[in-house]
Amino acid sequence: MGVTCVSQVPVAEGKSVQQTVELLARRLEALGADKQGTFGVDCETYHTAATLGTQGQTGKLMYVMHNSEYPLSCFALFENGPCLVADANFDTLMVKLKGFFQNAKANKIESRGTRYQYCDFLVKLGTVTMGPSARGISVEVEYCPCVIANDCWNLLMEFMQSFMGSHTPGIPSVFGSKHDSTYSPGDTMVQYMELFNKIRKQQQVPVAGIR
Amino acid sequence: MEAPPVTMMPVTGGTINMMEYLLQGSVLDQSLESLLHRLRGLCDNMEPETFLDHEMVFLLKGQQASPFVLRARRSMDKSGMPWHLRYLGQPEIGDKNRHALVRNCVDIATSDNLTDFLVEMGFRMDHEFVAKGHVFRKGIMKIMVYKIFRILMPGNTESIEPLSLSYLVELNVVAPAGQDIVSDDMRNFAEQLKPLVHLEKIDPKRLM
């Protein structure tokens, strides 16, 4: 996977989540991007059950994520901890570990939307939902030919400015630790995890009054 | 707490519960060559395959009496292979006519930061060993003849010593739950290896 930046775009003033996504989509299509199917990234939260003996440490949160770009894989990560890339059977293992790790089903969060290709860029505009409610918008931009984060950040930023304008994000924190090492899908999942955590903490997007 | 018996669990998300059928035996070092010779004749025609693996067994202790066991295995001689994480359930208490040991198994290929991740989850390594030997295949059956080595210094796989003067022989099949005919095929194959090696159903609980 090429170097990827995942960020959040705030809902436009006076508009709904869906309208803001459409606004971004129109800007992308005006640039010349082509629609290329859909994508989905989801995240489930597990926490250590009360049965685990604690040496004074608080229960840890483990996130198990899936990305439609890698349908046979499963990503498991801890905040500020290692990110494990495993095959789809990892979900079966989590069922077996029911007694030790409890699935906080209410915390399941996902982002789904359309994939756009523009030359060497792959852009995914997603609506982030938690249960039945839409909570925000995620934008994932990938520059496919490059795998060294610091080599193409400026190019990525310039491209994002062309359709995100002032909402262009700063350099993702995962890039900081990369230096010259290769970018990997796990880094994208870490960015999604951080985005989902941020959105979970935000106030629910107020439902626009029906006109 | 062990996971509930497989037969009671619903099929989740389209995955089928896989079962491992196992028969084990052993041969002394001096009989190895004749066994390998017979296996080469009986098994599928393929390049002779050897392996050198390092396996670590991790335990997660909860308030329950029996800890949760996971096995992490990596290849020491083949580069680029994923790590292999394996969960094995308790042997199913089936009828005595079942010829092989049957237990639920979940096999997962993972990236190479598996041990760090397991420790982060709360697992602690209980023991580790190195396995070196040969692997053969016949249809869906896998036959392994290997020697177990004790690791003298934790984490150092260079200094190892054999655990015994024999080789462990395992015949196993991983198949979806409910296919008991598999154990009949295994028993028939095991018959052909007699008297070089006697493969039997060995209940791990009886050894403890």
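Predicted model: local features only at pLDDT ≥ 70, side-chain atom pairs only at ≥ 80, totals over all residues.
1. Residues are numbered from 1 along each chain as its sequence is written, chains are lettered from A in the order in which they are written, and side-chain values use heavy atoms, with hydrogens and water left out.

2. His66(A) lies in strand 3 (residues 61-67) of chain A; strands (E, at least two residues) and helices (H or I, at least four) are DSSP runs, numbered from the N terminus. With a relative accessible area of 18%, His66(A) is buried, a word that means under 20% relative accessible area with a 1.4 Å probe, protein chains only.

3. The largest nonpolar core has 49 residues, and Met65(A), Val123(A) and Phe163(A) are among those with the most contacts inside it; such a core is a set of buried Ala, Val, Leu, Ile, Met, Phe, Trp, Tyr and Cys residues joined through side-chain atoms within 4.5 Å. Helix 3 (residues 149-164) of chain A gives the most to this core, with eight residues. A second, separate core of 30 residues includes Cys74(A), Leu97(A), Phe101(A) and Trp83(B).

4. The contact between the two chains (heavy atoms within 4.5 Å) takes 24 residues from chain A and 30 residues from chain B. About 2,400 Å² is buried between chain A and chain B, with carbon and sulfur atoms giving 69%; buried area is the accessible area (1.4 Å probe) that two parts lose on being put together, summed over both. In chain A, Leu84(A), Lys96(A) and Phe100(A) lose the most area to chain B, together 29% of what that side buries.

5. Across this interface the rule finds one salt bridge, defined as a side-chain nitrogen of Lys or Arg within 4 Å of a carboxyl oxygen of Asp or Glu. The side chains of Lys60(A) and Glu120(B) meet in a salt bridge of 3.5 Å, N to O.

Notes
Buried < 20%, exposed > 50% of the residue type's maximum accessible area, 1.4 Å probe, protein only.
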